[in-house]
Amino acid sequence: MTKFTFTEKKDTRSGFGAGLHELGKQNENVVALCADLTGSLKMDAFKKDFPERFFQIGIAEANMMGIAAGMTIGGKIPFTGTFANFSTGRVYDQIRQSIAYSNKNVKICASHAGVTLGEDGATHQILEDIGMMRMLPGMTVIVPCDYNQTKAATLALVKHVGPAYLRFGRPSWPIFTSDRPFTIGKADKMIEGKDVSIFACGHLVWHAIEAEEILSAQGINAEIINIHTIKPLDVPAILESVQKTKCAVTCEEHQINGGLGDSVAQVLSRFFPAPLEMVAVNDSFGESGSPTQLLKKYGLGPDNIVAAAKKAIQRRK
Amino acid sequence: MSNQPDFVQLKKLATQIRRDIVRMVHACQSGHPGGSLGCTEYFVALYFHLLKHNSKFNMDGQGEDLFFLSNGHISPVWYATLARSGYFDVKELTTFRQINSRLQGHPATHEHLPGIRIASGSLGQGLSVAIGAAQTKKLNKDNQLVFVLMGDGEQQEGQVWEAAMYAPHNKVDNLIATIDYNGQQIDGPVDKILSLLDLKAKWESFGWIVNEFEGNKIEEVIKALDHAKSLTGKGKPVMNLMKTVMGFGVDYMMGSHKWHGVAPNDEELKKALDQLEETIGDY
Ligand SMILES: Cc1ncc(C[n+]2csc(CCOP(=O)(O)OP(=O)(O)O)c2C)c(N)n1
């Protein structure tokens, strides 16, 4: 059986920074835009080596989205960088009209998503962004789980034509996907199981893996699937798993409304009704605190996934 | 509290609040010391001289002057000032940015901290809120004033200029806005990131009365704010361009964007506190 361990921890935003720098070397059309958060987004290396393709926008996110949309006309591939809150909620209509509806090849790269942003508190901890972005027709939404996958997703985005939202975070986090392939839209079955399907994205994939170990010790055989692409959703992978296990759990660092849980619920209720439990923030705002404290307080830990899995299995009977 | 200010006492307060700021940010190893230290005189002048306010907090604040902080990241100076003004116990400053605290990283109403009337942290929104509150004061026939502070980097947000256009058009003349004109933002000096060019001319051309003054001399700040107050009620909103030094009072922080949002380590804390005498008493 597959065992996942880690020897190193890194922030997912550094995976983005490394991927972007790599893209700068690979593709002359890649341009990067940032709204006064170059260090936080780890865009310094790109800025240093490709200064003529780096655009400091200032604290003006709406302007940044418009400029990015305009830059696609003539063939540039813009990657915008700011916090997830200011990448989505702040500029929703600019994205909707100038990027999504106009089908522009802009890559919206968003750091510091979710409660693991920590001490800055609820004003910055967006938990609604996956929902907002997946509602937009034609928008690809990717939520990678560790440094490697964030780097891989950044690299994959350049070949993917069309608007995309890439969501990552601030804290140092286990790296455990070293040898796994990454394809946009293709779910990654990390651990096979037969009793319950656990679908996770972002930081919570690691918690799902930890939960699997606990469940396994109690004789419960969980299947762990990394849904790194929320849209387009890998419907066949979800159905194949739940047709086997007959129950499911979703795990995400997001509101219970609008995110991965709702996406999976829609698939199940339409094609294969089965009990579903959701591990997510239960319709509340976050607060200041350390990432570990907040993940615990808001019910996003491995224990919460274990409890949800047991409940899903029980409801099946 | 108006009329003859006791400058000796106000300076003691400013030094104590600076100690509070550095200790708060050090304790949680996060937060924004630079802008907080630069705006300390402004907060002392407001809460200990200018504002008519009641530390028995009431959200509607009818019959009181209201203050809004648009650049919410400088919450440490606001929290310390509120505590030193009696809004809550100074001991609560130890909870800054900790879990289950009312002292959120950025100001919030969600946990009901006395003194806060709106959440801020996402930049560019405070001036609009202040204008709304000022218009409500007029509708309520309440003659007290509304104050708001913004950052200079924050001027890059488009919403600021929507508000800038609206207030003079609507004769919102019970409003005194101030910009912390320290010339710094996160990625570097404002002039290097996205220049504001002639900020005074910009605000004047939008129809505001504009004053400029030095923000790190308490005498100057009080004189300027008293003057600004005398300019209210004349059909135009008032804007203060307040020249400050980021990190003022701690030599190694002064004038550098590097201290916008970084906490001092133990050694740096000691160095900072050596420069800031304990005057009123630490929390
Ligand atoms: C809408 C928005 N975009 C970006 C940020 C991140 N941010 C926080 S403070 C800051 C710089 C603010 O500069 P300034 O207003 O000059 O404040 P100072 O650095 O002088 O304290 C930025 C970009 C934010 N809080 N809100």
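These legends describe close-up views of a predicted model.

**View 1. Chain B as a whole.**
Chain B holds ten helices and five strands. Its radius of gyration is 18 Å, close to the 19 Å that the globule rule gives for 283 residues, so chain B is as compact as a globular protein of that length. The C-alpha trace of chain B spans about 50 × 45 × 40 Å along its principal axes. Of the 283 residues in chain B, 60% count as buried. Sequence distance matters in the next value. Take the contacts in chain B between residues at least 6 apart in sequence: 77% of them join residues at least 24 apart.

**View 2. The interface of chain B and chain A.**
Here 29 residues of chain B are in contact with 25 residues of chain A. The area buried between the two chains is about 2000 Å². Carbon and sulfur atoms give 46% of that area. On the chain B side, B:Ile99, B:Glu157 and B:Asp187 lose the most area to chain A. Together they make up 28% of what that side buries.

**View 3. Polar links across the interface.**
The rule finds 18 residue pairs in polar contact across the interface of chain B and chain A, with both residues at pLDDT 80 or more. By class, the side of chain B that touches chain A has six nonpolar, 18 polar and five charged residues. Two salt bridges cross this interface. A:Arg90 and B:Glu157 meet through their side chains in a salt bridge, at 3.0 Å from N to O. B:Glu157 is also one of the residues that lose the most area to chain A.

**View 4. A salt bridge inside chain B.**
The side chains of B:Asp173 and B:Lys138 form a salt bridge, 2.6 Å from N to O. B:Asp173 lies in the loop between α6 (158–169) and β3 (175–181) of chain B, and B:Lys138 lies in helix α5 (residues 126–139), so the pair ties together parts that are 35 residues apart in sequence. B:Lys138 is partly exposed, at 37%.

**View 5. A strand and a helix joined in chain A.**
A:Lys189 and A:Glu240 meet in a salt bridge between their side chains, 3.6 Å from N to O. A:Lys189 sits in strand β9 (residues 188–191) of chain A, and A:Glu240 sits in helix α9 (residues 235–245). The pair links distant parts of the chain, 51 residues apart. A:Lys189 is partly exposed, with a relative accessible area of 29%. A:Glu240 is exposed, at 52%. Both residues belong to a network of salt bridges that also links A:Glu192, A:Glu223 and A:Lys244.

**View 6. A:Lys48 and A:Asp49.**
A:Asp49 forms a salt bridge with A:Lys48. Their closest N and O atoms are 3.8 Å apart. A:Asp49 is partly exposed, with a relative accessible area of 39%. A:Lys48 counts as exposed, at 66%. Over all chains, the count of salt bridges comes to 27.

A:Thr80 is found in strand β4 (residues 77–83) of chain A. What is the relative accessibility of A:Thr80? The value is 0%, so A:Thr80 counts as buried. Which residues does A:Thr80 contact, leaving aside its neighbours within four places in sequence? They are A:Leu33, A:Met64, A:Met65, A:Ala68, A:Val106, A:Lys107, A:Ile108 and A:Cys109.

Technical notes: Residues are numbered from 1 along each chain as its sequence is written. Chains are lettered from A and ligands numbered from 1 in the order in which they are written. This is a predicted model: local features need pLDDT of at least 70, side-chain atom pairs count only at pLDDT 80 or more; totals for chains, interfaces and linings use all residues. Side-chain values use heavy atoms; hydrogens and water are left out. Helices (H or I, at least four residues) and strands (E, at least two) are DSSP runs, numbered from the N terminus. Buried means under 20% relative accessible area, exposed over 50%, partly exposed in between (1.4 Å probe, protein chains only). Contact means heavy atoms within 4.5 Å. A salt bridge is a side-chain nitrogen of Lys or Arg within 4 Å of a carboxyl oxygen of Asp or Glu. Buried area is the accessible area (1.4 Å probe) that two parts lose on being put together, summed over both. A polar contact is a pair of N or O atoms within 3.5 Å; within protein, one must be able to donate a hydrogen and the other to accept it, and residues adjacent in sequence count only if both atoms are side-chain atoms. Ala, Val, Leu, Ile, Met, Phe, Trp, Tyr, Cys and Pro count as nonpolar, Asp, Glu, Lys and Arg as charged, and the others, Gly among them, as polar. The radius of gyration is taken over C-alpha atoms; the globule rule is 2.2 Å times the number of residues to the power 0.38.
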